[in-house]
Amino acid sequence: MMKHYYIANNRLLTHILFWICYLFMNTGVHAEAERGTLFYFLEELGGLPAAILVAYVNMYVLFPRFFLRKKYAAYAVLAILLLFTGSLINRLIQEKVFEPVFYPDSTYRESVFVWYMIFKGMLWFLSPVLLFTLVVKIFSQWFTQEQRHQETVREKLEAELNFLKAQVHPHFLFNTLNNLYALTLQSSPSASRVVLKLSELMSYMLYDSRADSISLDKEITHIRNYVELEKLRYSQPLEVSFNVSGDVSGRRIAPLLLIPFVENAFKHGVSNETNAVWVTIDVKVKDGMLSVKVENSHTDSILQPAAPAEKNGIGLQNVVRRLHLLYPGTHTLELKKEPGRYTVDLKIKMEE
């Protein structure tokens, strides 16, 4: 919707105040000491109907029907005719109303069709009104198009973000249900605890994550619940370190933004290993910067760079895209693969 800037949100009041300012400004510009300010004020008042005619016909008839459609020649011809008509009306008011009423004894009657006076009125008094209103309409049209463009971009980004955020739910749920299925096949007593933790996680995803942003505390709690859920299903030795430092209270972040990195560490760095494995999660807030480092063990001893996030699974592809949309130019993401270690290092500049 086009946003208009009116004084006190009142269009009529804005237009009335504009013409009052126009009247006094022109009086000050044209006034001379010889005849006094009152004379020129009354003269400008008499010329106001012609100025109003030129302004509104230009803005609401000529501009949209001709100038906006790039019919510039037709617009120029009609604009000249409009100026001529306005100047002629101005002459009629001056000769038939203004001078006979206010100065009946000090003036003499002239013909309305004094071409010099008509052309003077067109060029000196009315052409500035025509040019001003043309500039106003050009700027207004540009501003309207820019607003529509920004609104279209915003709606597109919002739709994409909602789609990406919605993708997190089935992706995460699919992995968790697979874990639960494996436990039920083993008749593991941990299955009931998995169901409880899953219930807490689903409550977070279905309700808390609907907002555009949530407190960093809640996101950290969500990660803790996920880590506990993962620890329940592993029989091999698993060492998990989760450290939080700095003042995380009062900070806000997009929901479900960090969990894909933690999920990836368990899914690709732990689930396929048979030896002792470990995962380290460090979350730190310092000097307005959120640092999240997730590391996990792996048995591949060949030193090679990690694949770009875009080449990884849907979870990392999702979060990389969301980071670009939500924190453009205010985040860095580094993925690094070393012998026995895979590292994700994310930094986000937090809003105060």
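Predicted model: local features only at pLDDT ≥ 70, side-chain atom pairs only at ≥ 80, totals over all residues.
Figure 1. When its neighbours within four places in sequence are left aside, Glu-334 is in contact with Thr-343, Val-344 and Asp-345. From Glu-334 to Leu-346 the separation is 12 residues in sequence, and their C-alpha atoms are 6.5 Å apart in space.

**Figure 2. The two salt bridges of the structure.** In one of them, the side chains of Arg-341 and Glu-295 meet at 3.2 Å, N to O. Arg-341 belongs to strand S7 (residues 341-349) and Glu-295 to strand S5 (residues 289-297), so this pair ties together parts that are 46 residues apart in sequence. Arg-341 is partly exposed, with a relative accessible area of 30%, whereas Glu-295 is buried, with a relative accessible area of 14%. A salt bridge also joins the side chains of Lys-347 and Asp-345, at 3.3 Å, N to O. Here Lys-347 counts as partly exposed at 32% relative accessibility, and Asp-345 counts as buried at 15%. Asp-345 is also one of the residues in contact with Glu-334.

Figure 3. Phe-63 is buried because its relative accessible area is 3%, under the limit of 20%.

**Figure 4. An edge-to-face pair, Tyr-226 and Phe-266.** The rings of Tyr-226 and Phe-266 form an edge-to-face pair, with 6.0 Å from centre to centre and 80° between the planes. Tyr-226 lies in helix H6 and Phe-266 in helix H7 (residues 259-269), so the pair ties together parts that are 40 residues apart in sequence. Both Tyr-226 and Phe-266 are buried.

**Figure 5. Helix H6, residues 216-232.** The helix has 17 residues, which at 1.5 Å a residue should span 24 Å. The C-alpha atoms at its ends are 25 Å apart, in agreement with that expectation. The buried residues of H6 are Leu-216, Glu-219, Ile-220, His-222, Ile-223, Asn-225, Tyr-226, Val-227, Leu-229, Glu-230 and Leu-232.

Figure 6. Ile-7, Leu-12, Leu-13, Ile-16, Leu-17, Ile-20 and Phe-24 form a nonpolar patch on the surface, and together they have about 620 Å² of accessible area. One of these residues, Leu-12, lies in helix H1, which covers residues 11-30. Leu-12 counts as exposed because its relative accessibility is 59%, over the limit of 50%. One aromatic cluster is formed by Phe-18, Trp-19, Tyr-22, Tyr-56, Tyr-60 and Phe-132.

**Figure 7. The chain as a setting for the close-up views.** The chain contains eight helices and seven strands. It has 352 residues, of which 39% count as buried. Its accessible surface comes to about 20,600 Å², and carbon and sulfur atoms account for 60% of that area. Among contacts between residues at least 6 apart in sequence, 72% join residues at least 24 apart.

How values were computed: Residues numbered from 1 in each chain as written. Heavy atoms only, no water. Patch = residues over 30% accessible without salt bridge, like charges linked within 9 Å, V, L, I, M, F, W, Y side chains within 5 Å. Areas by Shrake-Rupley, 256 points an atom, 1.4 Å probe, with all protein chains shown as cover. Salt bridge = Lys/Arg side-chain N within 4 Å of Asp/Glu carboxyl O. Helix = DSSP H or I, 4+ residues; strand = E, 2+ residues; numbered from the N terminus. Buried < 20%, exposed > 50% of the residue type's maximum accessible area, 1.4 Å probe, protein only. Expected span 1.5 Å × (residues − 1). Contact = heavy atoms within 4.5 Å. Phe/Tyr/Trp six-rings, centres within 6.5 Å; stacked < 30°, edge-to-face > 60°.
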